[in-house]
Amino acid sequence: MRPGLLRGRDHHTLGWVDVIGEASAAAALCLGGAPKRYAHADPNEDAAGYGVGAASTLLCVCDAHDGFEASEVLVEHVLADPGAHWCDEAFGTQADQWPRHVIAALCDANEDALREARDRGGVESTSTLTLALVQPALGQLAYASIGDSLLFVVDADGVREIARPSETPGRTAFLGGAATSPETLTRLTRAGVIPLDGVEAVVVATDGLSERGIGAADPAAAVARAAALAREASAPMRAMTFARTVAEEAIAAQRSNSAGDNIGIATWWSDAAPSA
């Protein structure tokens with residue numbers, strides 16, 4: 001599997017979007033479109049990445065709180081293991097078995113975040129996490145989300161949000177704060193599998209795109225505008241154009257609202273030309 005990763009600690013320029021990608025996958029990261037108006041430990045606490053394998057593509061974003069450590073560790077863990085296995089030709093899972101696979105992976109990732117905190121003297125950084133595993137050979141998209149990061153698919157009917165976060169105040173869940181049992185993670189995680197048939201593109205995003213009073217008032221419409229621009233790009237550039245433009249939509253909204261937040265994006269585009 002060929003991974004790509006952007007870490008928040010490396011991206012501190014307001015309004016500047018950094019993008020990496022290859023073939024059908026890309027990631028984008030930005031400090032934000034305006035200064036943060038809330039207390040925070042580090043300037044940029046998001047991380048975004050992808051993994052392109054022989055059979056599947058993995059997207060992952062994390063939005064940390066109280067320090068960048070948790071988001072970075074979680075994305076690194078997901079891309080390294082189990083991501084390399086999930087994106088291999090040999091991996092395949094029935095839809096009803098996916099939650100068991102992903103909960104086990106999240107338990108391990110959470111332990112990695114806790115270990116990092118112990119190694120750094122008890123820094124209690126926590127993070128949301130949203131991942132999408134695009135499996136064309138199986139004709140399915142497997143996903144998991146804990147917290148308020150987002151997942152959208154683009155198809156002939158427009159833009160659909162998958163695994164919508166709870167809007168109940170105080171109900172946002174995180175990884176990295178405490179040891180968590182599989183049973184607890186199962187309750188906190190929105191996981192499932194949907195058909196890939198007809199899906200043109202997939203995007204996972206941190207809530208810098210959507211946070212009320214900060215991001216876009218209509219995140220799905222912002223994703224739709226970004227997808228329209230990506231279609232005009234050459235095939236090998238569509239995933240990267242899509243990632244950049246979704247980030248730019250978030251930047252524009254934050255500037256309009258005079259309130260900022262970090263922006264992490266990862267995308268997949270279905271018809272990108274294969275890499276050499």
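Guide: Start with His11. Beyond its neighbours within four places in sequence, His11 is in contact with Leu6, Asp18, Leu29, Leu31 and Asn44 (contact means heavy atoms within 4.5 Å). This model is predicted, so local features need pLDDT of at least 70 and side-chain atom pairs count only at pLDDT 80 or more, while totals for chains, interfaces and linings use all residues. Residues are numbered from 1 along each chain as its sequence is written, and side-chain values use heavy atoms, leaving out hydrogens and water.

His11 sits in the loop between β1 (2-7) and β2 (17-22). Strands are DSSP runs of E, at least two residues, numbered from the N terminus. His11 counts as buried because its relative accessibility is 11%. Buried means under 20% relative accessible area (1.4 Å probe, protein chains only).

Now β9, residues 150-155. Six of its six residues are buried. Leu150, Phe152 and Val154 point one way, and Leu151, Val153 and Asp155 the other. β9 runs antiparallel to β12 (199-205), with six bridges. Strands pair if DSSP finds at least two bridges between them. Leu151 stands opposite Val204 there. Five bridges link β9 to β10 (158-162), again antiparallel. Val153 is bridged to Arg160 in β10. Two residues separate β9 and β10, which form a hairpin.

Technical notes: Helices (H or I, at least four residues) and strands (E, at least two) are DSSP runs, numbered from the N terminus. Buried means under 20% relative accessible area, exposed over 50%, partly exposed in between (1.4 Å probe, protein chains only).
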